[in-house]
Structure formats: C-alpha cells, structure tokens
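Subject: Structure handover

Hello,

Here is the structure I promised to pass on. Please open it and keep it beside you as you read my notes.

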Amino acid sequence: MQSRRGSSGKRNAGRQGSNGRGKVGAEKTVREKGGRFGGGQSGAGASKSVEGSGARKSIAGVPVEVGQQVTLEIVGLTHEGEGVGRVEGYTLFVRGALPGDRAQAEVVSIGKSFGRARMTELLSPSADRIAAPCPIYDSCGGCQLQHWSYEAQLRWKQQHVMDNLARIGKLPVVAAGSVNSDSPASEESNERPPVIVHPVIGMEEPWRYRNKAQVPIGFDSEGGLVGGFFEQGTHDIVDMDACLIQQEQNEETVQLVKRIARSLGYSAYDRETGRGLLRHVVVRHAEATGERMVVLVTNGKDLPHADELVGLIRDGVPGVKSICQNVNTDRSPVIFGEETRVLWGSDVIYDDIGDIRFAISARSFFQVNPVQTERLYRSAVNYAALTGEETVIDAYCGIGTITLFLTKHARRVYGVEIVPEAIEDAKRNAALNGIKNAEFEVGDAGVVMPRWQAQGVSPDVIVVDPPRKGCDPVLLETMLQLRPERIVYVSCNPSTLARDLRVLEDGGYRAVEVQPVDMFPHTGHVECVALLVRE
Ligand SMILES: C[S@@+](CC[C@H](N)C(=O)[O-])C[C@H]1O[C@@H](n2cnc3c(N)ncnc32)[C@H](O)[C@@H]1O
C-alpha cells in the first residue's frame, strides 16, 4: 500500500494493533476531526487532550500527577474508542486500550474529574483483543476498534446504549432476553416496565461497507499532491490508496482522480495559507445500480483543463454518471461550499434501498452503509406499526428515505428537512417511485411542524431522525403538543437520544424498546431506533 506523508510533522508510532503484550510507542492524543478516507464520521476522530498546553502537573484532590506511571485495569470504553481506567476512583482515558486489558500508562494530562494517559506497556491483553487487519490503523483515525473482535464490539455497543439510557435518561433498562425482560410489569406494581434494549444488529461481513469517500487533498514535502487522511495529531495529510471499510469502487475512483489531478498539474489546497486549488475529492458508489459520482471540491470557481478532466474521468471510472465541482473558499474545515456545478452528466446518481429508488445529489445526506440502512429503516417502519390509515410526520427527513418507506403503510406522510437540495431530491424520489401520498417541506422542523399543527395536521405517528446533537427543544415541545400515539426516534448518538427520551417521558410518553444497529463497524458509533408510546 502506498502511504506518502503530507506537509510536516513526525509520524507517531501509534495504537496497539497487536494482540499480545509489549511496549508501545509514543502516541499523540489530539486528533483532527473529519476528513479521513473513511470520511465524515462526525466526531469519530475528535478527541482532545490538553498536554503541552500549559496544563497543571498536579491538582489538589486528584490522586495522580502528569508524568506519573500508573497500572490500570481497563473497565470501559468511551464512544471515541478510548479505554477507561481508574486510579483511586479517578478516571483516566487511554487511547488504544480495551476493556479487559491491564496496562502500564503514563499520565499525560489531568483535570478535576478526569485525565488522559498514554499506554506504555500492555501488561495483559483483553481476551477479545486481536491484531487490526489494516496496515495503517495506527496512524489513521477513521476506525477506533479494529483491534477488538467484532463480537466484542457488538456486545459493547449494546451495553453502551443501555448505560446512556440509564445514566443520562434516568430510565430503567434491561437487555432483551435477560430475566423477565419480555414480561410486562405486574398489575399491582406502579413501576413502569423497563426499556428493552435488543442485541445490536451487526453485519455478517463488517468490511468494505462505506458507499461514500471524502478524501482531503494536501501536498507532500516535495509539493506533490496527496490525498488520504489527516494523520492523528497533525494537519498533515497522509496519502492513502486503500481503506478496509471503504467499498473498492470508491478506492478505485479516488486513486484515478488523484492521478488525473497530478497529471493536470492541479495544486493542493494549503489549509494554513488558504491557497491552492483542490481541497477534497468526494466520491459515491451506488451499490444497487453501480452508478458513481465524482465531486471535486475546489478553492474557487476556476477549474483549469475542465474538459480534459471530464474526459479522463469518463474514460477511467466505470459507471460514472455524475461529475461535479463544488466551490468552497471558506477557511473552515467544512467540506462542501454552497455552490455545486455539474461538469458532466447528471446532478444525481440513483441507488435502491429495498424496493425504493433514490436520487442522491452531491451534498445530500444518504446513509453510508447500504446493507445496514435497510435493516435500520425496517426496524423504524416496524416500530411505527402502521395499518395504512395513519397520518405520519417524518422530521429531519433528508432525501425522504424513511418517509418513502413509510408511505407504503400509511395514509399520508409529511417530511420536513432543512437542506433545500435534499427536499428537491425527496420530491424527485417520490415521483420516481410513483408515490403520491408524501408531502415535503423545506425548513427547520421546529418551525414547520408547529405550522402544520396550525393547519390541522394531526399525526398518529411521528418519526424523528435528527443529527448527532439530537432534537431541538422546540421540536420536542411540538411533538408533545401534537400528541401522536407513537414516536419512533432514530438516533446516531445514544447520549442525545437518552436526553431526549427523558424529555418525552416527562411529557407523557413511555420508551418501550430500543433496537441498536451497527451502521459503522470498527468505530465507536452505534445507531438506534427507539419506540415510545403515549401513556
Ligand atoms: C441523520 S440525517 C437523517 C436523514 C434521513 N432520515 C435519512 O435517514 O437519510 C439528519 C437530517 O436532518 C437534517 N436537519 C438538521 N437540522 C434540521 C432542522 N433543524 N430541521 C430539519 N432538518 C434538519 C439534516 O440536513 C439531515 O438531512
């Protein structure tokens, strides 16, 4: 595998991919957010530490000092994939450490309630520790759990959901299948039945699942264009041509586009000076149709040799149906700018989930794991328990994916979404599938839903699928006023899910069950579908 380094900084020895005991190298703990070849898993690489920033060496009441060697039993894992160990009750986070590990570690930063330590020796490994198959796992931040068996990952994700519901949501929880989990609370008891958390639906083959790659472009020490991932702890981009969680078609497309960009003499964007042309290469592959999309994100509208570029991509990328340029001159790390131009072909590619076809444009949200997406949506539709007579609202509807699944079982479904192009796609998708009982509106769900309420829309079921920060308080309030019989909450963040479930419970709903789905194997992320019923 080719792996050329970007502009500056030293390569760090990194994470413990080994499954044996042994000394481990120096490791940086500040990671760049987003933008790896795996691409765009928000938060997956966002851990921060304060070492080297003038942090205090000791704090009154904290039992460890910076620089101190400690022996830790790792008893938990954060959603960022850091091991959790304790010294006299004080919490230390250790990157690369896994539950069940016993590790020697050096304290690198401390705060009042927790600190961070760097593993210096793995004294005895967890029984579930394995060798990470990816050769660049140590330096890339795209995955955090490749060195843990997949079964252990799934077990932990279920427990992680339960812990969040209990700790943040203050909800009684029970794992499905454990004693009495399926029996209702006794009639005499005033206790509400616990929320049943099902085992995580995992993948049979948890590799090569991503249908979208977002590759940051930079330059190496000779000024040559590279593209791959941000090396952990630096702004350097490491050139990379292979990623085990990425679909091979995307790998192939990215490799070719990088070669073409080099041959046309495109300069790479310099994140420090804000100069240079090419910022990101974003590619999508539609598994069901084989269609591919290529988007070049450029720092400005000028794209030299555009015709030649299009010709070379068309010649070299099988199934390419859309070649776009997105213009982003902003200095922020956000990948896309507002303006997208079609250089050749269509502005969308088509993919299927189940028996519904979807048009997907460059900036639209579309789940990245097609195998698991269908399972996730089926769980949501099951929880909605529709008979064909209901009115349903799908808030945060994106390009109408869940909405259109729901239309088959409901009288009418209303979808609301804040990104205008996504709503255009949603309308196009409804027409494409001959669906007439869906209505879409662009806007903030917290504004549009009260308007629908004023217009007399009275939903029997509301489905929400918000971003990681969870539902807006005004939307939660609107749901409580609309009083649907059921609420189906799809969430990519168990902690905001737990917070919002508490609000809904306090407002007269009861969380009944939660189905976690592993949309992002080998990362600390887990998606959930929760069912709430009106009490
Ligand atoms: C997790 S995605 C879910 C999309 C869709 N349900 C799916 O599965 O493809 C969340 C969506 O919420 C949209 N969104 C974010 N804030 C919003 C708001 N305040 N009102 C409406 N939509 C919003 C985002 O643009 C994004 O499309």
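First, a definition: two strands pair if DSSP finds at least two bridges between them. Also keep in mind that this is a predicted model.

Now to the strands. S21 (residues 461–464) and S22 (residues 486–491) run parallel, and four bridges join them. Val464 stands opposite Tyr489 in S22.

Both strands belong to an open sheet of nine strands with mixed pairing. The order is S7-S8-S23-S24-S22-S21-S18-S19-S20. S7 (173–175) and S20 (438–442) stand at the edges. Each has a single partner strand, so one side of each lacks a neighbour in the sheet. On average, neighbouring strands are turned by 15° against each other, direction ignored.

Next, the helices on the sheet. H1 (residues 150–167) lies across S7, S8, S23 and S24, and runs at about 165° to S7. H6 (residues 420–432) touches S19 and S20. The direction of H6 makes about 165° with that of S20.

Two other helices meet each other. The axes of H7 and H8 (residues 473–482) come within 8 Å and cross at roughly 20°. Angles under 35 degrees count as roughly parallel, so H7 and H8 are roughly parallel to each other. H7 passes H8 in a left-handed crossing. Among the residues making the contact are Ala445 and Met449 of H7 and Leu475 of H8. By class, this contact has six nonpolar, four polar and no charged residues.

Last, the ligand. Of the 21 residues around it, Tyr396, Gly398, Ile418, Ala445 and Asp465 come nearest. H5 (401–407), S19 (412–417) and H7 (445–454) each supply at least two residues of the shell. The shell has 13 nonpolar, four polar and four charged residues.

Best wishes

Definitions and conventions
Residues numbered from 1 in each chain as written. Predicted model: local features only at pLDDT ≥ 70, side-chain atom pairs only at ≥ 80, totals over all residues. Near = placed C-beta within 6 Å. Nonpolar A, V, L, I, M, F, W, Y, C, P; charged D, E, K, R; others polar. Axes fitted to C-alpha atoms, helices over the stretch in contact; angles between N-to-C directions. Parallel < 35°, antiparallel > 145°, perpendicular 65-115°, else oblique. Left-handed = near helix turned anticlockwise from the far one by under 90°. Contact = placed C-beta atoms within 7 Å.
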